[in-house]
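Keep the model open as you read.

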Amino acid sequence: AADGGRRSADLRPVYTIGTWRVSREIYIWQLSRLGVTQLNDVRGNPKAGRQEDLYGKELARALQAAGIRYEYWGDRLGEEQAETAEENTLRCILKGMLAAATSGPLCILGHMHEPDKCHRLRLAGLLPSHCQVHHLHWEDHQTLATMSHSEAQGKSSRCRDFFQRRKDEEQRRRLAERAQASASPAPSLVSERGRWEARRRRNPESAWKAEGLRAAVGAAAAEAAALPTLSWEEVTPSEWEEGLRDGKSRRILLPWDTELLWYPRFLEEKESAELESHIYERVPIYHPTYHFQTAGGVVEEKVNRKGQAKICDDFNFSVQYSSRGDTAALYELTPFESWSRQLLRRVEAASESVFNAIWLNHYRDGTVTIHWHTDSDEGLGPDPIIGSLSLGSGRDFCLKSKRPWEGANRSRGGTGIIHITVPLLSGSLFVMGRNSQTHWLHAVPAMEGVRTERLNLTFRFYAHEDLVAGEAAPEENCEKEKVSTRQRAALPQKDDEPSTRDAAEASKGSPGPGRVLLRPVESWPAEIPMRPVLVDRPSSDATVGDFTRRVVEAVLPTGAGAVRLAVPSSAEESEGQRILSDEEQLSAALAGSPVPRTLLLLPASDQSRLLAQRGAREGSAVSPSGCWIWRGMLGHDGSCADLQREVAGNPPGPYSPPDPGQVVPVPDWGDWVREVLQCSSSIQRKSKGKGQLSRYIFHQTSEFAALYMGRPKSSVHLIVAPKRPLLRMDAGPSEGPLVERLASYAHLIARHFAGIMPGLRFAAGLRRRSGASRQLHAHLLSMDLVAPRPMDLERRHFLDFTGGPSHFMPLMAWARSLMEGSGASAQASSASTSLREVEALQCHRCGHLFGDAMQELILHLGRCREWPAESKAKNQVKDACQAQNEEPTRRDLEFLAEMGFGGCGQQRLRSALEAGGGLEGAISMLVAVE
């Protein structure tokens, strides 16, 4: 879109803009100020990304109210069309777009904030010569900067050239290192891994030394070269889920030529724990303060709930405006040490790439999230490869395509936005390879019920010419920096904000001039994990009380309660000599501290004692004693090592069902289990507006969730279900392993309850009588059947849960029947249900008969303290299996005899039941024979 020598009056202004963290009102205000009369949306999928208010009819109405017309052109000029269509085709479409537009300035809306990372830059280059293109990008949350098309192209080329030059240099250094280390041929997977494991067994302390590092890097490279592939387009949903959870490393292939690398057990459990502890000791966690401007121009400060740290020797990083060389606020770099450099080399080999930086993210619990985004920082290059190593509690990692998938897939039946969830367990490495940032968004959703902390180390290659560590900004950028600073004058500036940080100071974790180090006292309760953290100093007029409330909300773990701040007496002493009052000015308190820019955190009043008592009540380390399994109704937990590891890293908390008056009531109709699961993440909850449903989540892993019952039928009553949508009627042989893992999950949860609630016995199974919820789920409950509200326990509930496997089927038994192809037997027959309904009521614990007096039975259950006598431990499993297999057969035989088929003989009746797949089939066969 060259000027072609035309006068400015003859040129038509065409603006381009991308989405960023700016409100819709600010967008419209800026477009109106520029005189824009029409906004053409060229995003292939406007719903992708975080700007949820910048698409649809509401956007069109808001623009129309401001005198701006809205048209959608993403189906003809979207990312895919700009990438694959011929230039002449795109030119014709663009000419048609201009001809159909209203007179006056036109604006093109794309996805990416930076013009050089958005496909609108290519579209702008194909516009006719009478168009004068101006690329808009946000300097802050209210100010737009303008860049000509030639400047945007020049900047894009300059950034790419600088990035590629530095990456080529790093790759040459890496090759030189490997050549110097050894001139031996490429190692094989078996030999190098064997040598590495042998060294670890002989001398674990030297595993990270030179020889051990070489073996580990060689083994990782050999494993990466031999990875088996898992293609999303070629497998069924069940095969896809099993492929992600079988513990095997894979090379994952997604549409649009996207590649991911998946190592679920990159680090061993002990190695992961040691690395996590070492990072907490060596790397200071920083919670930056972001500044946001509202539509009215009010500046708001918000502390990021996600802790961060940057490990790098070559470049620094902007805190808030990471898309350009903004030096107003920089991270305090942690330099590479021996442990971090060796870990970097090992991850490089597994990722088939080269890195020079580690970005660390700290999640205090499952409520800390990252919304949909792509890693599009200019310093990451055009198609970044990012390795993600997880430590601590497991979390879900979600990907979704930026545009609908229209390819053929024999097993998925339909097109649309692709959603993928990968379980990031402790010690796993997930590599986002080629095209993962170009065609996909990723997020870390909320996981209610996750109470433990997580560390995520992302390995990247970063090179930005304006952020070279220890160097001044280039002269050609000085004027631009002055303009940028002037435009941000409305934001509070810190005169003493550092531009760089000394390496020695970084290794000690000392705060910079504009930051405060918060350190917990030695008496801080061990049950509530708290690390020393760095936070930004608020505005000068902030009080200690304001600062404390900000820290409690954004930094402290959930449930930590009230805290107080204190001034330490010296750097060596961890206890404070003077507790600060809420009315004091924070600046005065810091000025009077003998330790520069350091404050202590201590629980308020008796909070320490209360937290310790709560931790003792909630602890799950107590092993259950005695018999706690009801008649073989719980599967084993020994076959799912990854599941045990995940639950151990994130143990369940106390059983505290939500107050029905404080949450959205669970509907009596519809699939409430699926509704709660769909609202379980912050991303989905934000769009649905039903976040209170998440309070029904007791615990969850990457694959399963345990939900509180809306109307519990016992003192402990949960629903356990897979998190992915799966109808019970659709369960087939391929879902057998999933049901086995669900049985193990129920066993682990029940074992937790048995340790903190001794004296109860627990059962988990599939209620054969189908209810309103069609999502595959099972019941986990204590068999005392003492409902908090007695009227919630009805006759049908009691008869089902105490009716044995013919009415309440153990999950392991159902898993076997699914894998054998007889999963339909999980549905109770109407004849069997009718027979059970007419039986006299009998206490399942002591055997007392109550006839039809259900209310008397409910009162008795609240007083009954007996449990059936159990056989010896060596016969428990055998008796449970016999009860599962023989109980339904005995009842069916008795029913067939009562119907007049007793003369056929017991053996013939058993054969009919087996051949007919149940009671109804057997009756049909016997009637046909007679």
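**A strand between two partners**

Strand β16 (residues 386-392) runs antiparallel to β19, joined by four bridges. Two strands count as paired if DSSP finds at least two bridges between them. Strands (E, at least two residues) and helices (H or I, at least four) are DSSP runs, numbered from the N terminus. Within this pair, S388 has F430 of β19 as its bridge partner. Strand β9 (residues 258-263) is also antiparallel to β19, again through four bridges.

The model is predicted: local features need pLDDT of at least 70, side-chain atom pairs count only at pLDDT 80 or more, and totals for chains, interfaces and linings use all residues. Residues are numbered from 1 along each chain as its sequence is written, and side-chain values use heavy atoms, leaving out hydrogens and water.

Are the faces of β19 buried or exposed? Both are covered: L429 and V431 on one side, F430 and M432 on the other, are all buried (under 20% relative accessible area, 1.4 Å probe, protein chains only).

Now move to another sheet. Six strands form an open sheet, ordered β27-β28-β29-β31-β30-β32, with antiparallel pairing. Strands β27 (697-700) and β32 (808-810) stand at the edges with a single partner each, so one side of each lacks a neighbour in the sheet. From one strand to the next, the twist averages 35°. Inside the sheet, β29 (residues 717-722) pairs with β31 (residues 778-782) over four bridges. There V720 stands opposite A778.

Terms used. Axes are lines fitted to C-alpha atoms, for helices over the stretch in contact, and angles run from 0 to 180 degrees between N-to-C directions. Buried means under 20% relative accessible area, exposed over 50%, partly exposed in between (1.4 Å probe, protein chains only).
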